[in-house]
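Subject: Aromatic contacts, structure attached

Hello,

Here is the structure for your files. My notes on its ring contacts follow below.

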Amino acid sequence: MKPIRIAMVAGEASGDMLASHLMTALKSRLPEFACYGIGGPKMEKCGFEAWWPFDRLAVHGYVDALKRYRELSAIRRTLLKRLLADPPDLFIGIDAPDFSLWLEKRLREKGIKTVHFVSPSIWAWRGGRIKKIKQAVDHMLCLFPFEKPIYDGAGVPATYVGHPLADEFPLHPDREAARLRLRQPEQVPVFALLPGSRDSEVRNLAPLFIAAAKLIAERFPESRFLVPLATRTTREIFEQCLRDAEATELHLHVLFGHAVDAMTAADVVVVASGTASLEAALLKRPMVISYRMGGLQYRLMKRLAYLPWVGLPNILCNETLVPELLQDDATPERLADAVVQWMEDKAARETLEVRFMNLHQMLRQDTASKAADAVLPLLGVENDAS
């Protein structure tokens, strides 16, 4: 019997992780299968044949995407030609919707089954994309429970599989152990500042976060601040902002990575909107979400947005559980006041922890296993779990 062949495209590190977990789950259900396409090191450890490394697809903002349009289009056309010349049994696009949905539509037109893993944020903005998704996708794998009804209404088969971070993170984070790892005293106030992973985010948010930290330190003189940053460039940008603000007297530690440890150790987290806000919720930490961007871009995003929130904790719980200070509302004074309010309201912190525990349990679905179960029927394989 010819082995099943699955083509995949993962466009960044998070997709590499998702795909590797899915491959592991499929191995326990399929006697033999080959997997190839565009992926990363975690996928390769599971036996993936990478025709291109996933970092070839990485872009940083609209300007970078425009600069690299020809290169990315050439990779996509070459991949399409290769897959049509020797069709796989199934194609799975992991996130990277701008790259993968184009590819999925053309493969599906030629009779190749397609799955997209991680729904684009049609519930937040650009909802019209669901028409294109319907043309491109045989099955959508959704990380959030409210996404499946949207696809059901549009006639797109979809499965809610939960969020992989909810499987990975413990239900009861060990704050004391995290402080020990980061050499932070147990009894002093500790705050985690996460100004984002992109250079532009750190440039926009670092001065704001530093100014707020100075105000927080006036209220809590023993305060410690932890700033996990992902790259050498973002670290250099943040440290220059620290010097510009003449804030070197702050008890502030810039970390290479260790974002989860920093948030676990913190009393309150100050975070840019994005996945880090979901991580903070899974760690049951009080937080303040803040974001700034270019004025024109913000007005465009606000006009196209469907929801009153940008932070995933608020969106998932369908209410304002944590403050969001955006654009003109994002001032050092308001940010510091919101942090101090969390510190002074023990009852609010305890209520929030219960809500975040419920959220964690809702998202903890054994994502890889559920995704594998949803994929099997498209391969013509009987699913014992169904």
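A charge is taken to sit over a ring if NZ of Lys or CZ of Arg is within 6 Å of the ring centre and within 35 degrees of the ring normal. By that rule, arginine 76 has its charged end over the ring of phenylalanine 99, 5.7 Å from the centre. Arginine 235 lies over the face of phenylalanine 256, with 4.8 Å to the ring centre.

This is a predicted model, in which local features need pLDDT of at least 70 and side-chain atom pairs count only at pLDDT 80 or more, while totals for chains, interfaces and linings use all residues. Residues are numbered from 1 along each chain as its sequence is written, and side-chain values use heavy atoms, with hydrogens and water left out.

Searching the whole structure gives four aromatic pairs. Rings of Phe, Tyr and Trp (its six-membered ring) pair if their centres lie within 6.5 Å; planes under 30 degrees apart count as stacked, over 60 as edge-to-face and the rest as tilted.

Tyrosine 36 and tryptophan 51 are stacked, at 4.9 Å centre to centre and 20° between the planes. Tyrosine 36 is in strand S2 (residues 33–39) and tryptophan 51 in strand S3 (residues 49–53), so this pair ties together parts 15 residues apart in sequence. Strands are DSSP runs (E, at least two residues), numbered from the N terminus.

Phe191, Phe220 and Phe225 are linked into a cluster by ring pairs.

Regards

Technical notes. Helices (H or I, at least four residues) and strands (E, at least two) are DSSP runs, numbered from the N terminus.
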